[in-house]
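Here is a short briefing for a first look at this structure. Keep the sequence and the 3D view at hand while reading.

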Amino acid sequence: MNLLRILIILFLFQFKAYALIEVDITRGNLSPLPIAVSPLSSDQNSLDNFNKILNKKDIGSEISNIVENNLRQTGLFNPLEKDAFLQEPEIAHLKPRFEDWALIKAQALITGKVEIVDEKLRVEFRLWDVLAAKEMLALAFTTVPTNWRRVGHILSDKIYERLTGEKGYFDTRIIYVAEEGPKTKRIKKLAIMDQDGFNLKYLTLGNELVLTPRFNPTNQMVTYLSYFRNLPRVYLLDIETGEQEVVGDFPGMTFAPRFSPDGKKIIMSFAMDGNSDIYTMDLENRVVERITNHPSIDTSPSYSPDGKHIAFNSDRSKYQQIYVMRSDGSNVKRISFGNGLYGTPVWSPRGDLIAFTKLHKGKFYIGVMRTDGSGERLLTENFYQEAPSWSPNGRVLIFYRETKTNEKGEGFSAKLWSIDLTGYNERQVFTKTDASDPSWSSLLSN
Amino acid sequence: MYKNVAISTSFHLLIIILATFSLPFLIKKPIELPPIVSIELIQITDKTSIPFAPKAKKIIEKVKKKEEERIVSEQAPPKKIKKEKPDAVPLPDQKVEEVKKIEEKKQNPEKIETEIKQVSEFEKKELFDPNNIAALIDKSKENLAETNKTTKKITQSHDKNAEPSGLSLSEEDALKAQIFGCWSIPLGLPYNENLLVRIKLQLKPNGTVIKSEILDHARMNKPGQGFYKVLAESALRAIRLCQPLRVPTTGYERWKDLQLNFDAREMLEG
């Protein structure tokens with residue numbers, strides 16, 4: 001009887017169940033994320049101390065400007081005008097009024113405090129999700145006051161990482177060849193600067209021609225090529241100490257020494273008996289090993305991040321193309337098959353792509369392709385540009401571009417440029433003089 | 001005696017009530033599937049292409065004539081005519097192809113207009129052909145099974161056709177367009193990773209979100225899933241920014257629970 005009742009109730013009260021509606025959202029807004037970078041607040045005592053030590057009146061604003069500039073340069077964020085902010089920095093850092101920040105269309109908010117504690121600079125910052133009204137990240141750093149610019153870069157890295165999911169590239173340096181004078185009598189010096197162009201230092205005097213400086217991926221060492229009495233010589237330079245040593249003199253034309261991922265070897269190409277091949281040198285015992293042995297010209301070797309493969313360019317198929325082989329020189333495979341000439345392959349630190357320079361119909365392109373040669377994408381095109389170098393997160397390329405200084409094509413200027421993998425965010429990197437052959441360091445704060 | 005009569009009467013009443021309330025729900029209407037969508041689209045195109053000039057009548061007539069001619073000519077291919085014959089029920093392989101074709105059409109609104117007109121005309125003919133009723137019943141069952149098989153695999157757009165309870169195309173488009181504008185896709189994401197964020201929403205009748213739930217929430221806090229977390233957060237921000245969502249004014253029961261699948265691959269690849 002009970003069963004019958006239940007059946008009757010079920011039949012009488014049956015209702016129509018609706019299936020869950022699913023909607024696919026496959027498009028969105030590609031405009032950069034609106035972010036509010038509030039100036040870092042500080043008390044009067046700290047302000048006086050900063051003024052005394054650093055001769056800076058408002059260090060909080062200066063640090064927030066560094067963060068703002070870094071984020072803007074990525075093309076992924078749109079820092080909002082500070083004039084539009086409705087809340088004072090010190091109050092915002094304690095408890096932001098999210099409605100006020102949402103009103104100016106901010107989706108993320110950065111607040112912070114900077115002070116002097118025991119003669120050290122202490123920075124505290126918070127990253128807020130304005131729409132969810134919650135804190136996303138809170139960190140504090142203590143360092144010597146003169147390090148204030150680096151603190152700005154480290155904050156930028158942490159914010160970038162939290163908002164994009166990948167490591168930042170702001171606390172890094174760029175080494176390049178600074179050039180001055182007419183093209184026929186060019187003075188070339190090694191120069192190093194922060195990635196935003198500040199803290200420029202010259203590392204050589206300009207007496208000798210310097211070429212292709214490359215960072216060691218594991219520390220702040222640099223290898224470069226210099227001509228001493230018209231003979232190519234490979235140097236190692238410790239940037240922290242300024243110590244320099246000669247790795248060796250090599251015969252004939254020597255090109256582009258580059259470190260292996262573990263920093264224990266350098267790989268380069270040089271001409272022996274009129275034939276250019278690829279060689280490695282062990283930095284501990286200085287033993288040179290031949291990697292390729294082919295009558296064609298093999299140059300520009302670059303290791304994969306795991307050290308198992310090497311990309312290089314060769315004209316063994318009549319025209320210059322990119323090849324990949326095992327690090328012992330076996331299993332050589334051509335990976336570029338497009339029209340034009342391909343050169344200067346550089347393996348991404350992420351390991352997924354190879355950047356290259358392409359010359360086709362009188363124009364130079366910087367592009368990327370997968371490590372098997374598929375998915376070739378040309379990111380930028382110009383009259384003359386080459387030597388791409390990856391940011392440590394494998395998202396941005398820096399390269400140099402020569403431009404004619406007037407419409408008649410007279411004179412030229414060489415400058416550093418950066419472009420991200422989307423190909424949309426192309427920017428000139430400010431340098432005091434003309435610049436070429438850039439190389440990007442790994443993160444300093446690793 | 002009276003007791004027995006009463007029991008018998010009550011049981012009879014019960015059966016009548018059951019039949020009245022439940023039997024209509026058990027009947028599955030044969031094919032109300034893709035043609036419904038196509039008709040809606042045709043109407044929209046017709047409306048939007050009406051000229052407003054004084055000579056509108058003439059132009060409309062001309063256009064109609066042309067369309068009629070076109071439909072007749074497009075219905076001509078022998079393959080389609082074969083379908084009308086009861087013994088020409090397509091083989092399973094052919095049916096899969098047919099289902100796939102319909103899927104393709106949905107992806108391209110321009111194609112839908114002409115192609116689906118054909119299909120709907122055929123379906124109508126088949127439905128109203130009294131000689132083919134038996135064949136049609138069998139076929140509809142098979143077709144339904146086929147459609148179910150494919151919908152299990154793929155997206156909501158198929159479910160939408162299979163389930164009359166879903167959002168209409170225009171309702172779905174309105175909602176999508178609103179969210180497209182609110183969603184800032186994190187541009188730093190790698191295009192080659194499998195990043196699909198599914199968010200289940202509970203909505204108020206005015207489109208305000210009562211509750212939002214990330215369906216793969218556990219993945220957010222796993223190591224090495226930083227990109228997923230970033231994408232999920234951006235999707236949640238989009239929903240909050242868009243509130244109240246542009247939902248239909250009627251049929252709250254249909255859409256009070258809604259699932260949004262955020263997939264940025266298409267944008268990041270392009």
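A residue is buried if 20 or more other C-beta atoms lie within 10 Å of its own, exposed if 12 or fewer, and partly exposed in between, with C-beta atoms placed from the backbone. A nonpolar core is a set of buried Ala, Val, Leu, Ile, Met, Phe, Trp, Tyr and Cys residues joined through C-beta atoms within 7 Å.

This is a predicted model: local features need pLDDT of at least 70, side-chain atom pairs count only at pLDDT 80 or more, and totals for chains, interfaces and linings use all residues. Residues are numbered from 1 along each chain as its sequence is written, while chains are lettered from A and ligands numbered from 1 in the order in which they are written.

**Chain A overall**
- Chain A has 446 residues, and 44% of them count as buried.
- The C-alpha trace of chain A spans about 100 × 75 × 55 Å along its principal axes.
- Six helices and 30 strands occur in chain A; these are DSSP runs numbered from the N terminus, H or I of at least four residues for helices and E of at least two for strands.

**Domains of chain A**
- Domain 1 covers 33-164 and domain 2 covers 173-440, with bounds from an automatic or database domain assignment.
- Over C-alpha atoms, the centres of the two domains are 36 Å apart.
- Five residues of domain 1 and seven of domain 2 make the contact; two residues are in contact if their C-beta atoms, placed from the backbone, lie within 7 Å.
- Helix α3 (residues 59-74) of chain A gives the largest share of the domain 1 side, three residues.

**Cores**
- The largest nonpolar core holds 69 residues.
- Within this core, A:Y176, A:M268, A:I354, A:A355, A:L397 and A:I398 touch the most other members.
- Beyond four places in sequence, the contacts of A:A355 include A:V346, A:I366, A:W390 and A:L397.
- Another core, of 64 residues, lies apart from it, and A:I21, A:V23, A:I35 and A:I59 are among its members.

**A:F77**
- A:F77 lies in strand β3 (residues 77-79) of chain A.
- A:F77 is buried because 26 other C-beta atoms lie within 10 Å.
- A:P34 is 43 residues away from A:F77 in sequence, but their C-alpha atoms are 6.0 Å apart.
- Leaving out residues up to four places away, A:F77 touches A:P32, A:L33, A:I35, A:L71 and A:R72.

**Helix α6 of chain A**
- This helix (residues 148-164) has 17 residues.
- From first to last C-alpha it reaches 24 Å, close to the 24 Å expected, which is 1.5 Å times one less than its number of residues.
- Of its 17 residues, 13 are buried.
- A:G165 follows the helix with a positive phi near 90°.

- Strands β5 (residues 120-129) and β6 (residues 134-143) run antiparallel, joined by nine bridges; strands pair if DSSP finds at least two bridges between them.
- A:W128 in this pairing stands opposite A:E135.
- Four residues sit between the strands, and A:A133 has a positive phi near 55°.

**Chain A with chain B**
- 30 residues of chain A are in contact with 47 residues of chain B.
- On the chain B side, α11(B) supplies the largest share, nine residues.
- Strand β1 (residues 21-25) of chain A pairs with β3(B) in the parallel sense over five bridges.
- A:D24 has B:N261 as its bridge partner in β3(B).
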